[in-house]
Every structure is written in C-alpha cells, then in structure tokens.
Amino acid sequence: MKTSVELHTYLQEQRERVEAALRSVFPANWPVPGRLREAMEYSLLAGGKRLRPILALAAAEAVSGMEETSGKAMAFACAVEMIHTYSLIHDDLPAMDNDDYRRGRPTNHKVFGEAMAILAGDGLLTHAFHVVSQASEAGVPAERVLAVVRELSRYAGLSGMVGGQVSDMLGEQGITSLDQLEHIHLHKTSDLIAFSLRSGGHAAEANERQLEALGRFGRNVGLAFQIQDDILDLTGSEEKLGKPVKSDERQQKVTYPYLLGLDESRRRVSELTSEAADALLQAGLAKPDRLLEIAGYLLNRDH
C-alpha cells in the first residue's frame, strides 16, 4: 500500500498528464470562434482535482495491472472532465446556483457573460462525444468505444447527472427525507464518477463482473464525495475550497449534515467508503490498490 506521500505524487503525475491532454482537445485547424474557445478553455483548464479523469486512468490500470494501459483511457478521461466542466459552468449561472467564484477565480459567466457561458458549456458537452470517438486511435476496440458513448449519454444525461440536477432544482426547500436527498446525489454526482470508472474498465477490456464492481465502487465513492462536500461547506475554509463556505446554509439547501448532523454524516462517508472497497476486492481486478488509496484520500480530504 502506498504512503500518503506516494499517493500525492501519483495524483499529481496523473493531473499533469490529464492537463497536457486537455490542452489539445480542441483541434487547432477547426474554425471555432475565438471567444468561444477562450471561454471553454477558461473553465476547462482552470485546474482542480481532476478526480474523474484520474479515476478513469486508475480503473484501466486496476483491470490490467499495467500502468501503460491508462493511456488507452485518456480520451475517455478527457471527455468526462469536459462533461464535468460544462456542468459546473451551468451550475454557477444565476438561474442555477448563482455563484460568483469557482476554484478561486470568477465564474465563467462573470468573465464572458451569461450567453457565452451557456454556449461554452454546450460546446464542451458536444465536443466530449467527439473526444470519446478518438479512443479507437489508441487501440480501444470499436465495440468498447460504442459502449462508452452509450454509457456516457445515460450517466450524464436524462436519467443521470442532468436528471439529478433537475431533481435537485425541483426539490429545493421541499426535501424531507434522506432517500430523496440520496436519489438526487446518486444521479447528480455519483453517476458521472461511476461512468469514469466504467470507462477506464472498458479501455482495459474489463469483463462484466469487473465493470459492475467498478460501477458500484463509483456509486459509493461519489455519494461519499458529495457528503464530504456538504461537510466541508460547513467546516472548511474558503482559502482551501476556492469558493465561499456555508453557501448551502445561506441558500437554505437541504444537505446531509442538515438531515443527519455532522457526526452521522462523517460516519456515513466512512461506511460508503468501506462498501466501495469491498466491491473492488471481490471483483478479481489485477491491481485495485490505487483505487482504494484514492477512496481513502477522498474520505480524509479538506478541500
């Protein structure tokens, strides 16, 4: 098992790989309006943990046991980060969460205006599917690329992330049960994380048992990640988070700490993380260690 220092080095190396790949996702010879390209890159290249693409790369390694396999998953990793970034741009809009800062910088609509921010999000969403198709150039079989296209449209779409966001919007001020809140976050947050892991599995040609385990791992880690976000919104620092704290409280949002309290919320994060680990350990993966370490890192993060 790697030490925390070694894990930090691994995460940093993978972030740098993802950053380098993201800088070339928009073909230089395409006639893209300059302002649109600038708006997309402003948010896409703004840094962050790059959790979702790193999970895609680590999942490919976990299935094959070989680090070099992660290169086959890079197109999927970039695509999921583009989907995640578009969702953040749209979430920050005045009609949604109305946030002024993201990752320590003014949100996209504060810099480029609301109309361009909407279109930048649309551009990232659409182009993500083009990027997925390029995985075949890295040696991913066509049937696996098609499976990833199908899964991305579901996990990011109507019954996945978008559906979760709609449920969140419609449920504001009206959520009264833990089941309702969990439904929202399983789709709003967990689905895209589950997709990240399954996409890496597809890149490494995982079997159905392994794909199912990766998906369950992602579901649990995603939900734990969201609960931890809710906890940090109350207990974290604005400097580390890169955005205002207690925004959920000001907007009177129903969160896990609101329903469960902080201690029970922390216990739930630990429980979900343990269940996620169990799913991986029973899947017959060649090298699950890195995924397990990442789950532990998420459990103990402060930003």
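Helices α10 and α15 run roughly parallel to each other, a label for angles under 35 degrees, with over 145 counting as roughly antiparallel, 65 to 115 as roughly perpendicular and the rest as oblique. They pass in a left-handed crossing, meaning that the near helix is turned anticlockwise from the far one by less than a right angle. On the α10 side, Leu214, Phe217, Val221, Phe225 and Gln228 make the contact (heavy atoms within 4.5 Å); α15 brings Leu291, Ala295, Leu298 and Leu299.

This is a predicted model, where local features need pLDDT of at least 70, side-chain atom pairs count only at pLDDT 80 or more, and totals for chains, interfaces and linings use all residues. Numbering starts from 1 along each chain as its sequence is written, and side-chain values use heavy atoms, leaving out hydrogens and water.

Here are the two helix pairs, with axes fitted to C-alpha atoms over the stretch in contact and angles from 0 to 180 degrees between N-to-C directions.

| Pair | Axis distance | Angle |
|---|---|---|
| α10 and α15 (residues 289–300) | within 10 Å | roughly 15° |
| α7 (residues 142–155) and α9 (residues 178–203) | 10 Å | about 180° |

So α7 is roughly antiparallel to α9. Among the residues in that contact are Leu152 and Tyr155 of α7 and Phe195 and His202 of α9.

Back to α10: 20 of its 28 residues are buried (under 20% relative accessible area, 1.4 Å probe, protein chains only). At 1.5 Å a residue, α10 (residues 208–235) should span 40 Å, and its end C-alpha atoms agree, being 40 Å apart. Asn207 caps its N-terminal end, with a side-chain oxygen 3.1 Å from the backbone nitrogen of Arg209.

Notes
Helices (H or I, at least four residues) and strands (E, at least two) are DSSP runs, numbered from the N terminus. The expected span of a helix is 1.5 Å times one less than its number of residues. Buried means under 20% relative accessible area, exposed over 50%, partly exposed in between (1.4 Å probe, protein chains only). A polar contact is a pair of N or O atoms within 3.5 Å; within protein, one must be able to donate a hydrogen and the other to accept it, and residues adjacent in sequence count only if both atoms are side-chain atoms.
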